[in-house]
Amino acid sequence: MKIYGYRLPAMSSLILWGILWEVVGQTGVTFFVPPLSDVLVTLYSMIGTTSFTRALTETGYAFIISIFIAITIGIPVGILMGRSRLLDELLLPWVNVFLSAPLTALVPVLMVLFGFGMKAIVITTTLFAIWIIILNSRAGVRQINRSLVEMAHSFGASPVDAFFKIYFWAALPEILGGVRIGTIRAVKGIIIGQLLISIVGFGALFELYSANFLMSHFWAVLIVLFALAFSISEFLAFLERKVAYYAAKR
Amino acid sequence: MSQIKEVVAPQSPAPDDIAVSARNITKNYGDVEALKDLTLEFPRGQLTSLLGPSGCGKTTLLKIIAGLLQPTSGNIEVNGKPVTGPGPNRAFVFQDFALLPWASVMRNVAFGLELRGVAKSEREDVAAKYIGDVGLAGFEKSYPHELSGGMRQRVGLARALAVDAKVLLMDEPFSAVDEQTRRKFQEDLLSLVENENKTFIFVTHSIEEAVYVSDQIAILLPRPSRVSEIIRPSGFRNKGADSIRRDSEYLDIVDNIWASLRNYVE
Amino acid sequence: MVNRPLVLKILSAVIIFGAWEIAGRVPVSYAFPTFFESMAALFRLAMEGTLFTAYVDTLKPLIVGVAISTFIGIGLGLWIGLSSFFDWLVSPIFIVMQAAPLAALIPLLVMAYGIGLTSKVFVVLIMAMPVIVLNTSSAVRHTPESIKEMCRSFLGSRLDMIVKIIIPAASPLIFSGLRLGISAGFIGAILAELKITPTGVGDIITFSRSIADYPSMYAAIFSIIVLAVLFLNLLERIEKFLFKGNDLGYVSD
């Protein structure tokens with residue numbers, strides 16, 4: 001999009017929307033939408049408060065554990081599936097099932113089995129993230145060029161060497177892509193988990209603020225959450241770009 | 001005895017005999033001068049090749065003649081009338097075929113007519129004729145992904161012929177097919193030029209191809225793009241498709257062109 | 001020789017369901033019924049007709065939401081793809097919507113629109129629309145330049161370009177965007193039922209949980225998952241069938 005020949009940066013229309021938000025908020029047309037300035041002020045004041053930091057740590061803690069589990073289980077499973085046809089044929093249908101299934105439906109089961117606490121939330125979030133990580137890792141391994149494998153053989157590489165020096169890097173772009181998507185899904189998963197299972201962390205804040213009609217606080221928390229999700233996603237995209245230079249030519 | 005006429009400025013046959021003329025064409029992309037003050041004339045009813053190394057602007061010139069690109073300055077005239085955009089008097093054959101993958105061969109060939117609003121039964125009749133002409137009879141209901149590269153290009157060619165334009169513009173039409181198919185196409189092109197009363201403008205980077213098929217070869221050199229020579233091979237055109245490649249004049253011309261072009265290969 | 005992939009699929013199903021059965025018998029937890037118990041409950045619910053009436057309730061907001069998302073989503077996506085101004089103006093909104101955990105907005109929607117059909121439809125909408133819009137606009141933007149040029153060279157009008165070239169070329173990606181959107185819509189519908197008011201299948205789940213009728217609860221959940229998976233697989237097959245020759249819409253190799 002150009003104005004007078006100057007290319008406008010990609011997300012810059014958000015500035016316009018921000019102004020619109022401010023204007024709508026100032027007119028007070030609906031109390032659900034307070035002025036953006038109020039929200040930002042509230043945001044600023046909220047950051048140091050105990051309730052906020054507690055929500056952040058609770059949610060962050062659960063989130064990191066979930067991602068960690070999803071990665072440490074998901075990537076190896078995906079890789080193994082990519083390399084063993086038997087395993088692939090056994091597991092792939094299930095991976096596809098859980099990828100397309102509405103995982104939200106499983107949450108009641110998880111609640112019943114694992115109680116109303118952190119454990120259930122972590123498991124929910126892990127489940128949201130893991131399937132795409134498995135699928136992408138598998139895809140990354142499967143597309144490794146036959147000649148790379150043969151080359152490794154011909155130079156007498158040990159299996160460990162072959163894995164860490166060749167296969168891992170060859171599959172890395174896909175794996176990173178899977179982790180990025182998985183992370184975004186995990187963010188959705190953790191919020192859904194917190195809304196349904198037990199009201200802790202950010203879920204608790206959302207419930208609290210909406211129940212008490214503290215709209216500015218509500219939007220402030222939403223913005224924070226979104227900013228966090230966005231930064232993580234961008235960070236992973238950055239890593240992906242770092243390896244992208246060889247991705248097309250493998 | 002060489003029958004090559006080497007000229008720096010093009011000779012001017014009588015105006016009636018010029019189907020397309022390009023005058024003082026300049027095309028800039030930002031700082032890059034793709035074409036600079038290029039002037040060239042294309043005689044009616046003949047095949048003129050634009051030959052040159054990559055980056056010499058030949059496809060750019062072809063697209064300007066087609067009306068798909070606008071020159072920064074200069075003008076193009078087809079049959080005496082100036083060109084501002086695509087028109088019914090010119091038809092284009094694309095290097096990567098540009099077929100509609102979701103449409104059958106019949107619809108693809110008839111597509112140019114469809115865009116002109118010709119009624120369905122009429123355009124399918126016309127298309128059927130040209131499908132037969134290019135040797136694809138029986139494949140009317142096939143889809144592009146079911147065809148080989150050579151067959152797909154023939155669909156593209158049939159489509160261009162079906163609209164019955166006076167000028168046929170071909171952008172490296174045979175570069176995306178295999179060598180054997182390519183040779184066959186070149187032979188077919190010779191008979192096509194003879195039988196159809198059209199003007200052909202043909203872009204290629206293959207010297208042998210240019211000398212084989214052309215009545216007139218314009219050699220373009222890059223940076224800045226300009227016409228360096230115009231060659232009019234004569235004398236072996238009617239020797240029959242198979243004998244041309246052994247004709248001594250043919251071989252001489254090919255060698256001479258290569259001699260002058262090799263300095264420009266990067 | 002029997003079809004090996006099929007045999008393995010059945011084998012893996014047997015393994016998983018068998019494990020379920022065993023885990024239920026151990027029992028892994030008092031709340032974990034066996035596979036057969038759950039299937040029996042499923043059968044009973046189906047026979048009683050409760051399952052079907054429940055699905056009618058559940059599917060209502062889903063179908064309405066998906067239908068609206070489809071029309072508006074594809075329309076918006078086309079507009080965004082065709083107009084660079086509109087793209088600049090509107091895509092960031094959808095990009096944000098896609099990354100943000102929109103589930104958080106549910107309490108807000110309930111406050112604004114109550115606990116009826118409207119808010120449930122809205123939930124489905126906010127979950128399904130972003131991916132449909134973004135896929136459609138991306139598909140339009142990535143129409144191969146070559147066939148667009150070809151259309152111009154044969155004197156196609158702007159309308160010809162849109163209807164005969166851009167939309168058919170974009171269809172495979174639009175369709176797969178629809179598939180993703182419906183999948184997200186399913187999540188939205190279930191979420192709405194579990195969170196807003198239990199009706200339909202969500203009601204069976206919450207009610208059976210509250211009276212500790214775990215087989216019924218598992219049965220209901222099993223049925224949703226099976227339904228969603230079957231439906232999405234069907235869509236995938238239709239996609240493959242409709243767009244056989246297309247791959248990415250390129251003909252040249």
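Me: How many Å separate the centres of domain 1 and domain 2 of chain B?
Reply: The two centres, taken over C-alpha atoms, are 25 Å apart. Please note that this is a predicted model, in which local features need pLDDT of at least 70 and side-chain atom pairs count only at pLDDT 80 or more, while totals for chains, interfaces and linings use all residues. Residues are numbered from 1 along each chain as its sequence is written, and chains are lettered from A and ligands numbered from 1 in the order in which they are written.

Me: Which residues belong to each domain of chain B?
Reply: Domain 1 of chain B consists of 18-89 and 165-264, and domain 2 of chain B covers 100-164. These bounds come from an automatic or database domain assignment.

Me: How many residues does each domain give to the contact?
Reply: Domain 1 of chain B gives 7 residues and domain 2 of chain B gives 6. Two residues are in contact if their C-beta atoms, placed from the backbone, lie within 7 Å.

Me: And which classes are on the domain 1 side?
Reply: On the side of domain 1 of chain B that touches domain 2 of chain B there are 6 nonpolar residues, 1 polar and no charged. Here Ala, Val, Leu, Ile, Met, Phe, Trp, Tyr, Cys and Pro count as nonpolar, Asp, Glu, Lys and Arg as charged, and the others, Gly among them, as polar.

Me: New topic: where is Phe97(B)?
Reply: Phe97(B) is in the loop between strand E6 (90-93) and helix H2 (105-115) of chain B. Helices (H or I, at least four residues) and strands (E, at least two) are DSSP runs, numbered from the N terminus. Phe97(B) has a positive phi, near 75°. Most residues other than glycine have a negative phi.

Me: Is Phe97(B) buried or exposed?
Reply: Phe97(B) is buried, with 29 other C-beta atoms within 10 Å. A residue is buried if 20 or more other C-beta atoms lie within 10 Å of its own, exposed if 12 or fewer, and partly exposed in between, with C-beta atoms placed from the backbone.

Me: What about phi of Ala98(B)?
Reply: Phi of Ala98(B) is positive, near 50°. Ala98(B) lies in the loop between E6 and H2 of chain B and is buried, with 26 other C-beta atoms within 10 Å.

Me: Now chain C: how many residues are in its contact with chain B?
Reply: Chain C gives 16 residues and chain B gives 23. On the chain C side, H7(C) has the largest share, 6 residues.
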